[in-house]
Structures are given as C-alpha cells and as structure tokens.
Amino acid sequence: GGKPITDITQRVPAGEIEELVTGFAERVAAKDDRPTDNVAAVHLHSDQIQIDLSTDALIHSPLELVDGETVLFENRNTIRIAIAISLPRRGGRCMIVPSRARKPRLDKALIVALRKAHGMIQLERGLPVIHVAPTSPYDRKIQRLAFLSPDIQRDIMRGLQPPTLNLKKLLHLDIPADWNAQKGALGWVESATP
C-alpha cells in the first residue's frame, strides 16, 4: 500500500527508520543474540514500512503482531510485515511515527533507575532538595531522572515510553530542563499514551 517513498518530495530521517526497524526486530526475535540480522530488506512507503524478515527468526517463538502491523506475504524463507506509519512534520523536519497504539512494555531497568533517582532527593515544602550529592558519575546521571516531566515519568512507570528508549540511551542524552523540550528530545509523540 501507499506510494514508494521515492515519489514523495519530503526527506525522511534514516535514524528513525533504523530505530523503528530495530525495535520491531528485537520484539519479534527477542531470543536471538542479533535480531536485526534477521531483517533481509526494508521498503519505505508513504503510509507504511515493509520489513522482510527471515522465517528463521520465528523458530523460537511465534510471530506476535500489534495493531498497525500486518503480514503481507510469507514463503519458506521470508515473511513481509507492513507497519503503518505517518510522516508528520515537526519544526520543519519530517518524523516517522508508528500509526498504532502500542502495547505497554515495562522496562524494569528504567523503572528501577527512576525509583532510585527519587530516593536521592527529598521534598521540602513541595520542592525537591538534594542534601548530599551522589558520589559516582553513574548516580549523578541517574539522579537527573527525578527531574523528568511528570508525564514522562508516568509513561515510563506504565511502560509507555518510546519503543527505542532504554536506560543506556537515556543516560547518554542531554536532557533539557523544559518539560515540553524533554518530550521532543526523548522521542515522545502525542500518540505515545493510548
């Protein structure tokens, strides 16, 4: 379905395509050490990304698709999955947004880090106070999570963070102080919460 992306005059970000395809491969071939090795080809269209996946990826577990994902065809070696997308513009640049409600995916490492961050601060008169600075660089990075926007923290606790966001990535990002800017920097979109 949809026109091939070569017929579209807008440019699309390769990094976002890679993150979406990697997230899909990791979800459907979770037991493989290198799940992206199972991706044979990726076809980008105006309303969907089609991923050709080796059927070897499905040996250990059955294919579980979510809303917005459909099987287009299957043969002995390959199964082609279509993932519905939209291409909204944000600030003059095109973004790729999966056009589906995601199932919650609780990330235990993110949740534990967020709880640890809140354990490092105290509230006095409703404001966060840090009495003792963390001694390790890792704890200093973790502590920043306590200052994420309440919406972002709530989504993390519910497993509704962007599919490509994990603790390792979060700790290496520059996190703006402005809550609205945080959402853009960390990959939240309006449709993140069902």
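1. Start at the end of helix H6. Just after H6, Gly 187 takes a positive phi of about 90°. The coordinates come from a predicted model, so read every value here as computed.

2. The other end of H6 has a cap. Helix H6 covers residues 179-186, and Asp 178 caps its N-terminal end. A side-chain oxygen of Asp 178 lies 3.3 Å from the backbone nitrogen of Asn 180.

3. H6 also packs on another helix. Its partner is helix H4, residues 150-158. Two packed helices are described by the angle between their axes and the distance between the axes. For H4 and H6 the angle is about 45° and the axes are 9 Å apart. On the H4 side, the contact is made by Pro 150, Asp 151 and Ile 152. On the H6 side, Trp 179, Gln 182, Lys 183 and Leu 186 take part. By class, the residues of this contact divide into four nonpolar, one polar and two charged.

4. Now the whole chain. The protein has 194 residues, and 38% of them are buried. Its secondary structure comes to six helices and nine strands. The accessible surface is about 11500 Å². Carbon and sulfur atoms account for 53% of that surface. Among contacts with a separation of 6 or more, 63% join residues 24 or more positions apart.

5. Arg 27 sits in helix H1, residues 14-28. Is Arg 27 buried, partly exposed or exposed? Its relative accessibility is 35%, so Arg 27 counts as partly exposed; buried would need under 20%, and exposed over 50%. Leaving out residues up to four places away in sequence, Arg 27 touches Glu 64, Leu 65, Val 66 and Glu 69. Pro 163 is 136 residues from Arg 27 along the chain.

6. Next, Ser 54 and Thr 55. Ser 54 is in strand E2. Thr 55 is in the loop between strand E2 (48-54) and strand E3 (69-74). Ser 54 counts as buried because its relative accessibility is 17%, and the cut-off for buried is under 20%. Thr 55 is buried too, with a relative accessible area of 16%.

7. Which residues does Ser 54 contact, neighbours within four places in sequence aside? They are Asn 38 and Asn 77. Thr 55, with residues up to four places away not counted, touches Glu 74, Asn 75, Arg 76, Asn 77, Thr 78 and Ile 79.

8. Last, Leu 72 in strand E3. A relative accessible area of 41% makes Leu 72 partly exposed. Its contacts, not counting residues up to four places away in sequence, are Gln 48, Gln 50, Arg 80 and Ala 82. Ile 51 is 21 residues from Leu 72 in sequence. In space, the two C-alpha atoms are 9.7 Å apart.

How values were computed: Residues numbered from 1 in each chain as written. Predicted model: local features only at pLDDT ≥ 70, side-chain atom pairs only at ≥ 80, totals over all residues. Heavy atoms only, no water. Polar contact = N/O pair within 3.5 Å; in protein donor to acceptor, adjacent residues only side chain to side chain. Helix = DSSP H or I, 4+ residues; strand = E, 2+ residues; numbered from the N terminus. Buried < 20%, exposed > 50% of the residue type's maximum accessible area, 1.4 Å probe, protein only. Contact = heavy atoms within 4.5 Å. Areas by Shrake-Rupley, 256 points an atom, 1.4 Å probe, with all protein chains shown as cover. Axes fitted to C-alpha atoms, helices over the stretch in contact; angles between N-to-C directions. Nonpolar A, V, L, I, M, F, W, Y, C, P; charged D, E, K, R; others polar.
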